[in-house]
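Hello,

Here is the structure I promised to pass on to you. Have a look at it first, and then read on for what turned up in it.

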Amino acid sequence: MRTTYPLPNPCWHCNAPNDAVSDLTGEKKPYPGAISLCVECGAPGILTETMTSREPTDDELKDILRSQQVRRMMAAIALSHGRVVFIGKGKG
Ligand SMILES: [Zn+2]
């Protein structure tokens, strides 16, 4: 697993004080434009040039949620915190 330690970077969604970015596959160093997930709340984000995570745009979020791998990771994070998550297909 490759890890980068950017400056403290509060999650855009839950304000958790995230301070590390890791590639879960262990294949790549984290890179700008990659999808990130907050380990506290599971919110998806986009890595910036400084390895901080920003809120995705609506179009980016639609693309992110098409990934089964991302949806599984979001569910795993939610379950690890004892929360239940349901991700189903929308109507439109
Ligand atoms: Zn969060």
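Two residues are counted as being in contact if their C-beta atoms, placed from the backbone, lie within 7 Å. With that in hand: among contacts in the protein between residues at least 6 apart in sequence, 41% join residues at least 24 apart. Please keep in mind that this is a predicted model.

On confidence, the average pLDDT of the protein is 83, and 86% of the residues score at least 70. The lowest confidence falls in strand β1 (residues 2-4), with a mean of 70, while helix α1 (residues 58-65) has the highest, at 94.

Now the overall layout. The protein has seven strands and two helices, and along the sequence they follow the pattern β-β-β-β-β-β-β-α-α. Of the 92 residues in the protein, 12% are buried.

Next, the sheet. Three strands make an open sheet in the order β5-β6-β7, with antiparallel pairing. Its edge strands are β5 and β7, each of which pairs on one side only. Taking the two pairings in turn:

- β5 and β6 are antiparallel and share three bridges. Leucine 37 sits opposite proline 44 in β6. The two strands form a hairpin with six residues between them, and glycine 42 in the turn has a positive phi of about 85 degrees.
- β6 and strand β7 (residues 53-54) are also paired in the antiparallel sense, here over two bridges. Leucine 47 has serine 53 in β7 as its bridge partner, and isoleucine 46 stands opposite arginine 54 in β7. This hairpin has five residues between its strands, with methionine 51 at a positive phi near 65 degrees.

Then there is helix α2 (residues 68-80). Its 13 residues reach 18 Å from the first C-alpha to the last, close to the 18 Å expected at 1.5 Å a residue. The helix lies across β5 and β6, and runs at about 15 degrees to β5. After α2 comes glycine 82, which has a positive phi near 80 degrees.

Glycine 42 deserves a paragraph of its own. Where does glycine 42 lie? It is in the loop between β5 (35-37) and β6 (44-47). Is glycine 42 buried or exposed? Glycine 42 is buried, because 22 other C-beta atoms lie within 10 Å, and the cut-off for buried is 20 or more. Leaving aside residues up to four places away in sequence, glycine 42 touches Leu37, Met74, Ile77 and Ala78. For alanine 78, 36 residues from glycine 42 along the chain, the separation between the two C-alpha atoms is 6.5 Å.

Finally, a word on backbone angles. Most residues other than glycine have a negative phi. Which residues are worth checking against that background? Two are listed here:

- Asparagine 15 is not a glycine, yet has a positive phi of about 70 degrees. This asparagine is placed in the loop between β2 (9-10) and β3 (17-18). Asparagine 15 counts as exposed, because it has 11 C-beta neighbours inside 10 Å.
- Methionine 51, again a residue other than glycine, has a positive phi near 65 degrees. Its place is in the loop between β6 and β7. Methionine 51 has 19 C-beta neighbours inside 10 Å, so it counts as partly exposed.

If you open the model, you could begin with glycine 42 in the turn between β5 and β6 and then turn to α2, which lies across those strands.

Best wishes

Key: Residues numbered from 1 in each chain as written. Predicted model: local features only at pLDDT ≥ 70, side-chain atom pairs only at ≥ 80, totals over all residues. Helix = DSSP H or I, 4+ residues; strand = E, 2+ residues; numbered from the N terminus. Expected span 1.5 Å × (residues − 1). Pairing = 2+ DSSP bridges. Axes fitted to C-alpha atoms, helices over the stretch in contact; angles between N-to-C directions. pLDDT = per-residue confidence, 0-100.
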